[in-house]
Amino acid sequence: MAERSLLNQLVDALRCLPGVGPKSAQRMAFHLLERDREGGRRLARVMDAAMERIMHCGRCRTLSERELCGLCANPVRDATLLCVIE
């Protein structure tokens, strides 16, 4: 079986995003390659760092770069109160 081209791999990778089909992914790939290579490099760097460092807060499960998010780690926060939003 022939190896897939990098362009096809890029298009397929972009399709993992919600709402991005084959044509949208192809347009994004072409835009980055033809008009904004530096933007593509920045996107790749930030995406890699985010995948490595962002996790779920150990208490509330929101996304955070630390074991506890800023709200849960706040020492003056009253953990006995619960806010319910309709």
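L7, F30 and L33 together make up a nonpolar surface patch with about 210 Å² of accessible area. The model is predicted, and its chain holds four helices and two strands. The radius of gyration of the chain is 19 Å, whereas a compact globule of 86 residues would have one near 12 Å.

**Nonpolar surface patch**

**Overall architecture**

- Read from the N terminus, the order of elements is α-α-α-β-β-α.
- The C-alpha trace spans about 60 × 30 × 30 Å along the principal axes of the chain.
- Buried residues make up 13% of the 86 residues in the chain.
- Among contacts with a separation of 6 or more, 2% are between residues 24 or more positions apart.
- The chain has an accessible surface of about 7700 Å², and carbon and sulfur atoms contribute 57% of this area.

**S64 in strand β2**

- S64 lies in strand β2, which comprises residues 63-64.
- With a relative accessible area of 10%, S64 is buried, because the limit for that class is under 20%.
- The side chain of S64 comes to 3.0 Å from the backbone nitrogen of R66.
- When residues up to four places away in sequence are set aside, S64 is in contact with R53, I54, M55 and C69.

**R61 in the loop between the strands**

- R61 sits in the loop that links β1 (55-56) to β2.
- R61 is not a glycine, yet its phi is positive, at about 75°.
- The relative accessible area of R61 is 55%, so this residue counts as exposed, the limit being over 50%.
- The loop residue R61 is thus exposed, whereas S64 is buried; S64 is part of strand β2, and the loop holding R61 lies between β1 and β2.

Definitions and conventions: Residues are numbered from 1 along each chain as its sequence is written. This is a predicted model: local features need pLDDT of at least 70, side-chain atom pairs count only at pLDDT 80 or more; totals for chains, interfaces and linings use all residues. Side-chain values use heavy atoms; hydrogens and water are left out. Patches are made of residues with over 30% relative accessible area and no salt bridge: like charges are joined within 9 Å, nonpolar side chains (Val, Leu, Ile, Met, Phe, Trp, Tyr) within 5 Å. Accessible areas come from the Shrake-Rupley method with a 1.4 Å probe; for residues, only the protein chains shown count as cover. A salt bridge is a side-chain nitrogen of Lys or Arg within 4 Å of a carboxyl oxygen of Asp or Glu. Buried means under 20% relative accessible area, exposed over 50%, partly exposed in between (1.4 Å probe, protein chains only). A polar contact is a pair of N or O atoms within 3.5 Å; within protein, one must be able to donate a hydrogen and the other to accept it, and residues adjacent in sequence count only if both atoms are side-chain atoms. Contact means heavy atoms within 4.5 Å. The radius of gyration is taken over C-alpha atoms; the globule rule is 2.2 Å times the number of residues to the power 0.38.
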